[in-house]
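Subject: Structure handover

Hello,

Please take a look at the structure below. My notes follow it.

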Amino acid sequence: MIAGPSGVGKGTLVRAVRARVPDELVLSVSATTRRPREGEVDGRDYRFVDRDAFAGMIADGDLLEWAEVFDNLYGTPSSFVEEHLAAGDVILEIDVQGAAQIRDRAPDAVLILLRPPSLDELARRLRSRGTESEDRIARRLGEAERELAQASWFDHEVVNDDLERAASQVAAIIEESRARLPGSVPQRTEDPSE
Ligand code: 5GP
């Protein structure tokens with residue numbers, strides 16, 4: 001599980017990590033009440049649902065964790081994770097509130113906090129997206145500061161200063177965890193005759 005403040009670069013990092021690890025790492029598809037952005041596909045990027053449907057998922061116990069992030073609800077469907085864990089490893093890319101729920105409910109989960117090099121750098125990245133007003137940037141920075149201040153319980157912390165370096169570090173954590181945890185996917189052994 002990779003968590004970290006909005007704008008730290010979780011999505012880009014996860015793509016780089018998935019390209020590096022030898023065995024498949026399925027990216028969990030969350031449910032959300034936020035509207036799709038340009039180019040996002042329902043069922044691939046998120047399951048886009050309305051508030052009633054999301055409330056139904058909570059009431060039915062269908063979510064492994066959920067949180068309200070900047071006025072929208074986000075949650076990890078348990079069925080998706082269970083189904084894919086049976087075959088291999090699943091990666092969750094979620095916020096810090098959700099991460100705390102995973103810590104309590106999934107003791108074998110490997111919890112990785114992605115930190116920005118500094119809050120100034122996070123502000124620069126949020127501004128460079130060009131999609132946020134200064135008000136919203138200030139709100140995200142305040143939230144990031146709170147999240148990072150209470151995040152001492154992660155198994156690993158990775159600073160996203162350089163994408164290649166951070167992706168290598170996360171890939172190494174995954175490899176080490178696969179070797180250590182029972183039930184994780186077996187390491188692929190190369191057969192020289194193939
Ligand atoms: P965005 O709307 O930019 O796709 O995501 C906003 C924030 O919600 C990001 O920090 C993202 O990691 C987080 N998020 C996405 N899916 C989930 C989820 O299933 N659970 C939780 N707790 N946070 C999520």
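Start with one term: buried means under 20% relative accessible area, exposed means over 50%, and partly exposed is in between (1.4 Å probe, protein chains only). This is a predicted model, in which local features need pLDDT of at least 70 and side-chain atom pairs count only at pLDDT 80 or more, while totals for chains, interfaces and linings use all residues. Residues are numbered from 1 along each chain as its sequence is written, and side-chain values use heavy atoms, with hydrogens and water left out.

**A buried charge**

Look at E147. It sits in helix α6, residues 134–149. (Helices are DSSP runs of H or I with at least four residues, numbered from the N terminus.) E147 is buried but has no salt bridge. A salt bridge is a side-chain nitrogen of Lys or Arg within 4 Å of a carboxyl oxygen of Asp or Glu. How far away is the nearest side chain of opposite charge? That side chain is K10, at 6.7 Å. Here Lys and Arg count as positive and Asp and Glu as negative; His and the chain ends are not counted. E147 does touch G4, P5, D95 and V96, leaving out residues up to four places away in sequence. Contact means heavy atoms within 4.5 Å.

**The ligand**

There are 15 residues around the ligand. Each has a heavy atom within 4 Å of it. S30, R34, Y46, Y74 and D95 come nearest. Now the polar contacts, which are pairs of N or O atoms within 3.5 Å. The side chain of S30 has an N or O atom 2.6 Å from a ligand oxygen. For R37 the distance to a ligand oxygen is 2.9 Å. For a polar side-chain atom of T76 it is 3.4 Å. On its own the ligand has 510 Å² of accessible area, and the protein covers 91% of that. Those areas come from the Shrake-Rupley method with a 1.4 Å probe.

**Salt bridges**

How many salt bridges does the structure hold? The count is 17. One of them joins the side chains of E40 and R34, at 2.8 Å from N to O. E40 is partly exposed at 21% relative accessible area. R34 is buried at 8%. Another links R44 and D45 at 3.0 Å. R44 is exposed, at 52%, and D45 is partly exposed, at 29%. R140 and E132 also pair up, at 3.6 Å. Both R140 and E132 are buried. Finally, salt bridges with shared partners join D89, E175 and R178 into one network.

Best wishes

Notes
Helices (H or I, at least four residues) and strands (E, at least two) are DSSP runs, numbered from the N terminus. A polar contact is a pair of N or O atoms within 3.5 Å; within protein, one must be able to donate a hydrogen and the other to accept it, and residues adjacent in sequence count only if both atoms are side-chain atoms.
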